Amino acid sequence: MPQLLPDLSFPSRRCARIACCQRAGIAIFKSILSSDLQQPAAPRAGLESLSEREQEVFLRLARGETPKQAAIDMGISDKTVYLHRASLRAKLGVNNDLALHKLALERGLLG
């Protein structure tokens with residue numbers, strides 16, 4: 001029966017295969033990141049559509065705080081921060097924290 005996959009029994013072959021996969025993964029990640037940076041933020045709704053808590057979470061995440069840090073400072077659970085983040089992302093039409101930061105910069109909210 002023919003062997004479909006290369007023999008990875010030798011450590012050097014296994015390491016070479018892992019290194020190849022890592023390089024491919026990094027290239028894909030860089031491609032995704034660069035496309036996110038090039039796409040302008042196109043919010044579906046304005047910041048006024050956010051609740052007070054969502055606005056606070058938005059500003060904290062845009063400043064670079066982690067959800068856990070924001071939760072501790074706000075006196076709420078980190079799960080609540082994640083829920084607020086998901087809600088505000090949907091309202092603003094962004095899909096990651098980098099886009100939140102970019103939107104805050106465009107609106108002049110980060111000084």
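Helices here are DSSP runs of H or I with at least four residues, numbered from the N terminus. The model is predicted, so local features need pLDDT of at least 70 and side-chain atom pairs count only at pLDDT 80 or more, while totals for chains, interfaces and linings use all residues. Residues are numbered from 1 along each chain as its sequence is written, and side-chain values use heavy atoms, leaving out hydrogens and water.

Start at N96. This residue lies in the loop between helix 4 (78-92) and helix 5 (97-106). N96 is buried, with a relative accessible area of 16%. Buried means under 20% relative accessible area and exposed means over 50%, with a 1.4 Å probe and protein chains only. The side chain of N96 reaches the backbone nitrogen of A99 at 2.7 Å.

Take L88. Beyond its neighbours within four places in sequence, L88 is in contact (heavy atoms within 4.5 Å) with L50, E54, V57, F58 and L100.

Next, look along helix 3. Its buried residues are P67, A70, A71 and M74. They cover an arc of only 100° around the axis, so they sit on the same side of helix 3. That arc is taken from the directions from the helix axis to the C-beta atoms. These buried residues pack against helix 2 and helix 4. The face turned away from them carries exposed K68 and I72. After helix 3 comes G75, with a positive phi near 75°.

Notes. Helix = DSSP H or I, 4+ residues; strand = E, 2+ residues; numbered from the N terminus. Polar contact = N/O pair within 3.5 Å; in protein donor to acceptor, adjacent residues only side chain to side chain.
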